[in-house]
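I am opening a new set of notebook entries.

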Amino acid sequence: MTTPRITARHALATLDRLEATYPDAHCALTHQNPWQLLVATMLSAQCTDVRVNLVTPALFKRFPDPASLANAELAEVEDLIRSTGFFRNKAKNLIGCAAVIVASHCGEIPKKMSLLVALPGVGRKTANVVLGNAFDVPGMVVDTHVGRIARRLGWTTASTAEGVEKQLCQLLPAVRWTQTAHVLIFHGRQCCRAQTAWCSACPVVDRCPQVGVGRQK
């Protein structure tokens, strides 16, 4: 894995412009507390945020806290989250995660990366979502949008999510990590899309080293 050639100063100037373009960029998963955000993020794997937000109200009404979900019947949880895809594995992880939170953390969501990723079904992406959005602990969330755009902008040369996270965290100050992910996700959904990026509408087209490569003019 080689080191990106883009400087921190250049990346921050690009990020400033993107943040000005998407001032309302935020976590799109509806939640009222860390527990709800953790569950919603786990459900969002291979599923849209819109679909998750349709499913979680009934799930949270039935299981409002880790203790209630830890004692849930697997079949009932599966039925409630079926439309999110991979529902059997997700239901198993949700119940297992809730059980560990109750047994090892007194029903409270951990505030440390090492403790979060030790929970069933929780990886670094989910942990960073919870840390950054529920606890204001800087976290660099790397999903497909973030990875794609970071590579296009020359902010990273990594091909894996963990590699992208590491290089972005080295490039950008910690205070910017959480919002950077929100902004890049918004930009990826609205402009710099995977198949056809709308370069003519891009606010940072002049700062993109890959402009014109397979893009919509």
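Entry 1, core. By a nonpolar core I mean a set of buried Ala, Val, Leu, Ile, Met, Phe, Trp, Tyr and Cys residues joined through side-chain atoms within 4.5 Å. I note that the model is predicted. I asked which members of the largest nonpolar core touch the most other members. They are Leu38, Leu69, Val77, Ile81 and Trp155, out of 67 residues in that core. I then took Val77 and left aside its neighbours within four places in sequence. Val77 is in contact with Phe63, Leu69, Ala72, Ala91, Leu94 and Ile95. Of these, I had already listed Leu69 among the core residues that touch the most other members. As a general remark, nonpolar side chains tend to be buried together in soluble globular proteins.

I counted 11 helices and 0 strands in the protein chain. The radius of gyration is 18 Å, close to the 17 Å that the globule rule gives for 217 residues, so I record the chain as being as compact as a globular protein of that length. The C-alpha trace spans about 55 × 30 × 30 Å along its principal axes. I find 47% of the 217 residues counted as buried. For contacts between residues at least 6 apart in sequence, I noted that 60% join residues at least 24 apart.

I have the accessible surface of the protein chain at about 10800 Å², with 54% of it belonging to carbon and sulfur atoms. I count 24 positive and 15 negative side chains. The centres of the two sets lie 9 Å apart.

The buried residues are His145, Val146, Gly147, Arg148, Ile149, Ala150 and Arg152. I checked what covers them, and the cover includes helix 10 (161–171) and helix 11 (177–190).

Most residues other than glycine have a negative phi, and I looked for departures from that. Gln46 has a positive phi of about 55°. I place Gln46 in the loop between helix 2 (34–43) and helix 3 (49–62). Gln46 is exposed, with a relative accessible area of 68%. For Cys106 I also noted a positive phi, near 55°. Cys106 sits in the loop between helix 6 (87–105) and helix 7 (113–116). I have Cys106 as exposed too, at a relative accessible area of 72%.

Conventions. Residues are numbered from 1 along each chain as its sequence is written. This is a predicted model: local features need pLDDT of at least 70, side-chain atom pairs count only at pLDDT 80 or more; totals for chains, interfaces and linings use all residues. Side-chain values use heavy atoms; hydrogens and water are left out. Helices (H or I, at least four residues) and strands (E, at least two) are DSSP runs, numbered from the N terminus. The radius of gyration is taken over C-alpha atoms; the globule rule is 2.2 Å times the number of residues to the power 0.38. Buried means under 20% relative accessible area, exposed over 50%, partly exposed in between (1.4 Å probe, protein chains only). Contact means heavy atoms within 4.5 Å. Accessible areas come from the Shrake-Rupley method with a 1.4 Å probe; for residues, only the protein chains shown count as cover. Lys and Arg count as positive and Asp and Glu as negative; His and the chain ends are not counted. The place of a charge is taken as NZ of Lys, CZ of Arg, CG of Asp or CD of Glu.
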